[in-house]
Amino acid sequence: MGGSSYAVKRIEFFGRQVKICLQNNNGPCPLLAIANVLSLRNELKLPAGVRDITQSDLITCIVDLLLERSKAFEGSGTHAADYARNVSDVFPVLQKLTTGIDVNVKFHNAHAFEPTPEVAVFDLLGIPLVHGWLVDPQHGPAAAVFGTRCGADSFESVCIWCVSACCLAFPAGLHHQCWYKMAVPAPSGRCCV
């Protein structure tokens, strides 16, 4: 089978037969995760008798579901317009779901992400995203540095905090060993930022 289609398998799930899509190659594939969650919830209907499905057809099934859900907002004015705008914002992202997506986590909550069209796909489909990059709130210095930051701001904060912690942990002259362990070049001159 080519790289643009997935085998479909029937499984028993809580006493009922459900079709799930199988990964054809190793690597991230949020599209399959979304399709299988929706299938297990009995919300995504794959075509009858299908033994494999193309990426394009799978994306079409998800688009159809998003458009079907928009009918629930008909006549609700602002909610309908917001939903329609959110759905149109995620359409360009759907193709990215076949290879992986970048998300920016916030370190204070396992469900906290920077709002992006990629995250909106999951939100619109009612699929919670969860990450494990949490800072212990009882570790005051780390919690103060990371707070609710995300994205490039978080990365920069992480680097500065790691460098500072390293400088405090190692006596002068040993900081190059610390930098070596971090796999980044040691700064010239004084260690601490």
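**Exercises on helix packing and the sheet**

Helices H2 and H3 lie roughly antiparallel to each other (angles over 145 degrees count as such). The model is predicted: local features need pLDDT of at least 70, side-chain atom pairs count only at pLDDT 80 or more, and totals for chains, interfaces and linings use all residues. Residues are numbered from 1 along each chain as its sequence is written, and side-chain values use heavy atoms, without hydrogens or water.

**Exercise 1.** Describe how H2 and H3 pack, and state which residues meet.

*Solution.* Step 1: two packed helices are described by the angle between their axes and the distance between the axes. Step 2: for H2 (residues 55–70) and H3 (residues 78–90), the angle is about 170 degrees and the axes are 10 Å apart. The axes are lines fitted to C-alpha atoms over the stretch in contact, with angles from 0 to 180 degrees between N-to-C directions. Step 3: Leu 66, Leu 67, Arg 69 and Ser 70 of H2 are in contact (heavy atoms within 4.5 Å) with Tyr 83, Val 87 and Val 90 of H3. Step 4: five of these residues are nonpolar, one is polar and one is charged.

**Exercise 2.** Work out the strand order of the sheet and find its edges.

*Solution.* Step 1: the open sheet has three strands in the order S2-S1-S3, with antiparallel pairing (at least two DSSP bridges between two strands). Step 2: S2 (16–21) and S3 (52–54) are the edge strands, each pairing on one side only. Step 3: S1 (residues 5–13) is joined to S3 by three bridges, and Ser 5 stands opposite Thr 54 in S3.

Notes. Helices (H or I, at least four residues) and strands (E, at least two) are DSSP runs, numbered from the N terminus. Angles under 35 degrees count as roughly parallel, over 145 as roughly antiparallel, 65 to 115 as roughly perpendicular and the rest as oblique. Ala, Val, Leu, Ile, Met, Phe, Trp, Tyr, Cys and Pro count as nonpolar, Asp, Glu, Lys and Arg as charged, and the others, Gly among them, as polar.
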